[in-house]
Amino acid sequence: MSEGPHEGTERVGIDELLERVRSGYERLGPDEAKAAAADGALLVDIRYAELRHRDGLIPGALVVERNELEWRLDPQGSHRAAQAVSHDLRVVVICNEGYASSLAVESLRRLGLHRATDLAGGFQAWRTAGLPVDV
């Protein structure tokens, strides 16, 4: 019998994967994310366009579609955003409810952005906390 392409690969469910990923860094609440931004952190909104149009934007956040995130934030990349100046950059990734952002943080950390984190509860937590939103 030959081994299949995934033979020996550990299989985990998404809940366990999220738990593992999140155990490697400290997530921020809405007020902490706002304070981090005031301290120079880059807020990065990875929500898709429909959600941004429906719910609004966090003032000052860089909008980067999830499928472009690594290319736009890699300080060594040829397609990086102007803000992607260093691997020491403090990045706070924001999705709609705080799930996709956790997986995005893991990917950014693999690129060497060791200070990357995300907003627990995502944009919805930001809005519920009464923090500024441009509509």
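These legends describe a set of views of one predicted model.

Residue numbers start from 1 along each chain as its sequence is written, and side-chain values use heavy atoms, without hydrogens or water. Because this is a predicted model, local features need pLDDT of at least 70 and side-chain atom pairs count only at pLDDT 80 or more, while totals for chains, interfaces and linings use all residues.

**View 1. The whole chain and its order of elements.**
The chain holds six helices and four strands. Both kinds of element are DSSP runs, numbered from the N terminus: helices are H or I runs of at least four residues, and strands are E runs of at least two. Starting at the N terminus, the elements follow the order α-α-β-α-β-α-β-α-β-α. The C-alpha trace spans about 60 × 35 × 30 Å along its principal axes. Of the 135 residues, 40% are buried. Here buried means under 20% relative accessible area, exposed means over 50%, and partly exposed lies in between (1.4 Å probe, protein chains only). The chain exposes about 7900 Å², with 48% of that supplied by carbon and sulfur atoms. Areas come from the Shrake-Rupley method with a 1.4 Å probe, and for residues only the protein chains shown count as cover. Take the contacts between residues at least 6 apart in sequence: 66% of them join residues at least 24 apart. A contact means heavy atoms within 4.5 Å.

**View 2. The open sheet.**
Four strands make an open sheet, ordered E2-E1-E3-E4, with parallel pairing. E2 and E4 are the edge strands, each pairing on one side only. Two strands pair if DSSP finds at least two bridges between them. Strands of a sheet pair through backbone hydrogen bonds, either parallel or antiparallel.

**View 3. Strand E1 between its two neighbours.**
E1 covers residues 42-45. Leu 42 and Val 44 lie on one side, Leu 43 and Asp 45 on the other, and all are buried. Four bridges join E1 to the parallel strand E3, residues 91-94. Val 44 stands opposite Val 93 in E3. Leu 43 has Val 92 as its bridge partner in E3, and Asp 45 has Ile 94. Toward strand E2 (residues 62-63), E1 pairs over two bridges, again in the parallel sense. There, Val 44 stands opposite Leu 62. From E1 the chain passes through helix H3 (residues 49-55) to E2, in a right-handed β-α-β crossover. Right-handed means that, with the strands pointing away from the viewer, the path from the first strand over the helix to the second runs clockwise.

**View 4. Strand E3 and its link to E4.**
Val 91 and Val 93 point one way from E3, Val 92 and Ile 94 the other way. All of these residues are buried. E3 and E4 pair in the parallel sense over two bridges. Val 92 stands opposite Thr 117 in E4. The chain crosses from E3 through H5 to E4, and this β-α-β crossover is right-handed.

Ala 116 sits in the loop between helix H5 (100-110) and strand E4 (117-118). Ala 116 is buried, at a relative accessible area of 0%. Leaving out residues up to four places away in sequence, Ala 116 touches Tyr 25, Val 91, Val 105, Leu 108 and Arg 109. Leu 17 is 99 residues from Ala 116 in sequence, and 18 Å away in space, C-alpha to C-alpha.

Glu 97 is found in the loop between E3 and H5. Glu 97 is partly exposed, with a relative accessible area of 47%. Apart from residues up to four places away in sequence, Glu 97 touches Gly 121, Gly 122 and Gln 124. Glu 50 is 47 residues away in sequence and 15 Å away in space, C-alpha to C-alpha.

**View 5. Arg 47 over a ring.**
Arg 47 lies over the face of Phe 123, at 3.9 Å from the ring centre. A charge sits over a ring if NZ of Lys or CZ of Arg is within 6 Å of the ring centre and within 35 degrees of the ring normal.
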